[in-house]
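Work through the exercises below with the coordinates open. Try each task before reading its solution.

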Amino acid sequence: MAFLLVATWASAQQKMTNTEAETLKALVKTRASQKKTIVSDFTQYKHLDFLSNDIVTQGKLHYKSPGFVKWAYVKPFQYSIIFKNETLFINNEGNKSEVDVGSSKMFTELNNLIVNSVKGDMFDDEQFDISYFKVDAGSVVNFEPKDEKLSDFIKSFQISFDDKGDVDSIKMTEPSGDYTKIEFTNRVLNSTINDAIFNN
Amino acid sequence: MRFLIISLCLVLVSCGSYSKKYGLQSEPVSINTIENVYFDSASTDYVYKANITVYGNNFGGLLIVKKLAENNHRVAFTTEFGNKIFDFSFIDDSFKVNFILEDLNKKMLINILKQDFSTLIKSNLPVRASFKIDNFNILKSEKDKSDLYYYFSNSNLSKIESVKHQKPKTIFLFSEIKNSFAQKIEIVHQSIKLHINLKALNQ
């Protein structure tokens, strides 16, 4: 039975050759460098093994090069977080606060991680053990953090790319196996975004 | 001498029992156990948007409670992004930390959370005494050296007061009850500046 499962998994998800991996990397990097702005809806599924159903939340993402990100949940609650100029601006159902993260290495890394994962470009071999797979609808790349502090709470990031090299979904798996999966829909690239969007 | 007697009386009054201090009228005990139905369905995922204020700092997240079996609950807290902050198991009278962020791994904090959440989810506690005041029927029980007073209004549990040395230490308020699911819960600490607001996520 276990063998069957492995076999099925292997057929659905096939390891890329080095050449294929390099081609994908080049494609994603080129796409990422062309992304001046991104506006997208997202649906987040929080999977906890002990729950009967995943916790589903929905929202909207705004990204503007080089590093403005607004991550806003709209359903079933209102909560947004803006990354701008080394500061985190939080709006928790109207309760506004900000955190200066310029001095925190951890937050700077987290910020970079969010910006890079939104664009898809996380190909940093020093930071991650990276493996590349082909799937029916595109490709999947697995990033396992090498940093011990990060790997304590994230075992892997899995990014699914479509044929064009855009991010379809991100899955963050915890060491326990519980995970958060974010699926992007209605993505619009390089539209004009007013800076006021990034005001808290 | 008179001053001494007055002082003594004052001491006696301030040390008076919780039930006397709050004017609770004693009633004969008619039921054996206290039922808290708010986390009692194994088929329900109890998910709340949480707002926590601690010493003036405000932060949010999701509180998730699941009954896995009789006297077996899992209580987890995540950020809105889904990152786990802590994950506890309450099985019978035992308590286990499945996960907690390193920065929060402090004995005192874990103890407060353990007390709060075990009181929140506990059901079937033995009744030690029974009281009445206004529209409330009150049942008293005890747990971990604290007295627990359960306030029922129209047979809905609306408040739990955890009492130590005859003073309320933590107050749990339940409101907007829909099919045995408390849509709003407030946990208010009296001796530390900690306030937890929970609002059910209706998906």
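This is a predicted model: local features need pLDDT of at least 70, side-chain atom pairs count only at pLDDT 80 or more; totals for chains, interfaces and linings use all residues.

**Exercise 1. Find which residues of helix 2 of chain A are buried, and explain how they are placed around the axis.**

Step 1. Take the extent of the helix. Helix 2 of chain A runs over residues 18-34, 17 residues in total. From its first C-alpha to its last it reaches 24 Å, close to the 24 Å expected at 1.5 Å a residue.

Step 2. Pick out the buried positions, with 20 or more other C-beta atoms within 10 Å. They are Leu24(A), Val28(A) and Ala32(A).

Step 3. Check their directions. An α-helix has 3.6 residues a turn, so residues three or four places apart point the same way.

Step 4. Turn to the other side of helix 2 of chain A. Exposed residues there include Asn18(A), Glu22(A), Ala26(A) and Gln34(A).

**Exercise 2. Describe the side of chain A that touches chain B.**

Step 1. Count the partners. 22 residues of chain A are in contact with 24 residues of chain B.

Step 2. Locate the strands. Strand 2 (37-47), strand 3 (55-64) and strand 7 (95-100) of chain A each supply at least two residues of this side.

**Exercise 3. State the confidence of the model, and find where the pLDDT of chain B is below 50.**

Step 1. Read the overall scores: ipTM is 0.85 and pTM is 0.87.

Step 2. Take chain B. Its mean pLDDT is 90, and 92% of its residues reach 70 or more.

Step 3. Locate the stretch. Over residues 8-13 of chain B the pLDDT is below 50. Beyond near neighbours in sequence, this stretch has zero contacts in the model.

Key. Residues are numbered from 1 along each chain as its sequence is written. Chains are lettered from A and ligands numbered from 1 in the order in which they are written. Two residues are in contact if their C-beta atoms, placed from the backbone, lie within 7 Å. Helices (H or I, at least four residues) and strands (E, at least two) are DSSP runs, numbered from the N terminus. Ala, Val, Leu, Ile, Met, Phe, Trp, Tyr, Cys and Pro count as nonpolar, Asp, Glu, Lys and Arg as charged, and the others, Gly among them, as polar. The expected span of a helix is 1.5 Å times one less than its number of residues. A residue is buried if 20 or more other C-beta atoms lie within 10 Å of its own, exposed if 12 or fewer, and partly exposed in between; C-beta atoms are placed from the backbone. The arc is that of the directions from the helix axis to the C-beta atoms. pLDDT is the predictor's confidence in each residue, from 0 to 100.
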